[in-house]
Amino acid sequence: MTKVYLKKKISRRVESGHPWIFANEAGLVEGEVNGGDTVEVLTHDKKFIGRGYINPKSQILVRLLTRDRGEAIDDGFFGRRLRQAWEYRQRIGYTENCRLVFGEADDLPALIIDKFNDHFVLQTLALGMDRWKPAIVGALEEIFQPKGIYERNDVPVRELEGLPQIKGFLSAPFDPRIVIRENGLQMEVDLENGQKTGYFLDQHDNRRAIRNIVRDADVLGAFCYTGSFETHAGHYGAKSVLGLDISEAAVAQARRNAELNGLSGICRYEAVNAFDALKQWSKEGRQYDVVMLDPPAFTKSRETIQKAITGYKEINLRGMKLVRRGGFLVTSSCTNLVNPELFLETIQLAAKDARRRLRQVTFAAQASDHPIIEGWENTNYLKFLIVQVL
């Protein structure tokens, strides 16, 4: 097996268990290097660190799969890891719909698997993991006997690994438009064309957090996508709900979700540019009891973090101005490069400019089926905040 020896001064991140070995951390490479192959990683003085897959075309040269020298990387390895991931979800109460595998946090770097009841959506985001796709699919079939498995590898990050963007069935074909149950509601999920894997399971718990503040309230939801927060608001007793999203297809699906739950008379949707609407309506003096903001990630690059912060500050300032005094702002960020402290600081700067005082109700991360590993920034990405606007 090819051996990769790290430079003498390796990062504390590697020593503390992080599975990424960057190209500039590697010194001597002993043996043939073929992208996707399993290699051993050792310190400069030949102490075993772990075993993982290599890709010389990637900035992340090696992603470690195990630190146990006696553990082989084979089909059985992936079956064991999937069972461990499933046992964790069951122990914490996520059994029907959940993120079954959350990459590095489940010791399966660059692998995402979402479970939608009896259907599964898979993403293999690095060359080495992509090579093991047949073993992963086989393990899913053995453990769950699923009704269907769909591949959503239509993501640009794969191109950094020299992989094509693809999507399609990894099982016998099935209707990719399914209905799941969440918090007592029925929600339509489009596994084939929906964003990411078809539905944002990471906000599962946060959607319940609005149940008290929306009761008898006039609610505005910006960047509503398929109306998951808005449908919950209607279900929890909102007087009226208006959702905004630029996508006609998303708005059409949001309307179907309202209809599925008997909420068409309460939940309305408009296909408009939410940025423009927030700006214009705040100037017009429109007011709501609750404003909910759930925008897409504003940046995936450290070079444009400042632009992302400016964007978050702007939409939250506009959102606050649309909230009646004593009402509530519900706001999220899924940009992992904006850490929780920076996000809260940005919200406070927006409040200062809006001349509003905020009282924090709750501050949370993603649902627990997306586990966070301390010190691994990519596992702690979602910020969810509810504040009273005074």
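Start by selecting Gln145: just after helix 4, this residue takes a positive phi of about 45 degrees. Keep in mind that you're looking at a predicted model.

Now step back into helix 4 itself. Its 12 residues should span 16 Å at 1.5 Å a residue, and the end C-alpha atoms are 16 Å apart, which agrees. Colour the buried residues of helix 4, including Ile136, Ala139, Leu140 and Ile143. Why the spacing? An α-helix has 3.6 residues a turn, so residues three or four places apart point the same way.

Next, show the largest nonpolar core, with 37 residues. Phe78, Leu82, Ile113, Ile136 and Leu140 have the most contacts inside it. Several elements give two or more residues to this core, among them helix 2 (75–91) and strand 8 (111–116), but the largest share, 7 residues, comes from helix 4. Click on Leu82: beyond its neighbours within four places in sequence, its contacts include Val101, Leu108 and Ile113.

Time for some rings. Select Phe343 and Phe363: their centres are 6.5 Å apart and their planes at 10 degrees, so the pair is stacked. Phe343 belongs to helix 10 and Phe363 to strand 19, so the pair ties together parts that are 20 residues apart in sequence. Is Phe343 buried or exposed? It counts as buried because its relative accessibility is 1%. Phe363, at 30%, is partly exposed.

Last stop: select Arg286, which lies over the face of Trp281, 3.9 Å from the ring centre. Then find Arg207, whose charged end sits over the ring of Phe229, 5.6 Å from its centre.

Conventions
Residues numbered from 1 in each chain as written. Predicted model: local features only at pLDDT ≥ 70, side-chain atom pairs only at ≥ 80, totals over all residues. Heavy atoms only, no water. Core = buried A, V, L, I, M, F, W, Y, C linked by side-chain atoms within 4.5 Å. Buried < 20%, exposed > 50% of the residue type's maximum accessible area, 1.4 Å probe, protein only. Helix = DSSP H or I, 4+ residues; strand = E, 2+ residues; numbered from the N terminus. Contact = heavy atoms within 4.5 Å. Expected span 1.5 Å × (residues − 1). Phe/Tyr/Trp six-rings, centres within 6.5 Å; stacked < 30°, edge-to-face > 60°. Lys NZ or Arg CZ within 6 Å of the ring centre and 35° of its normal.
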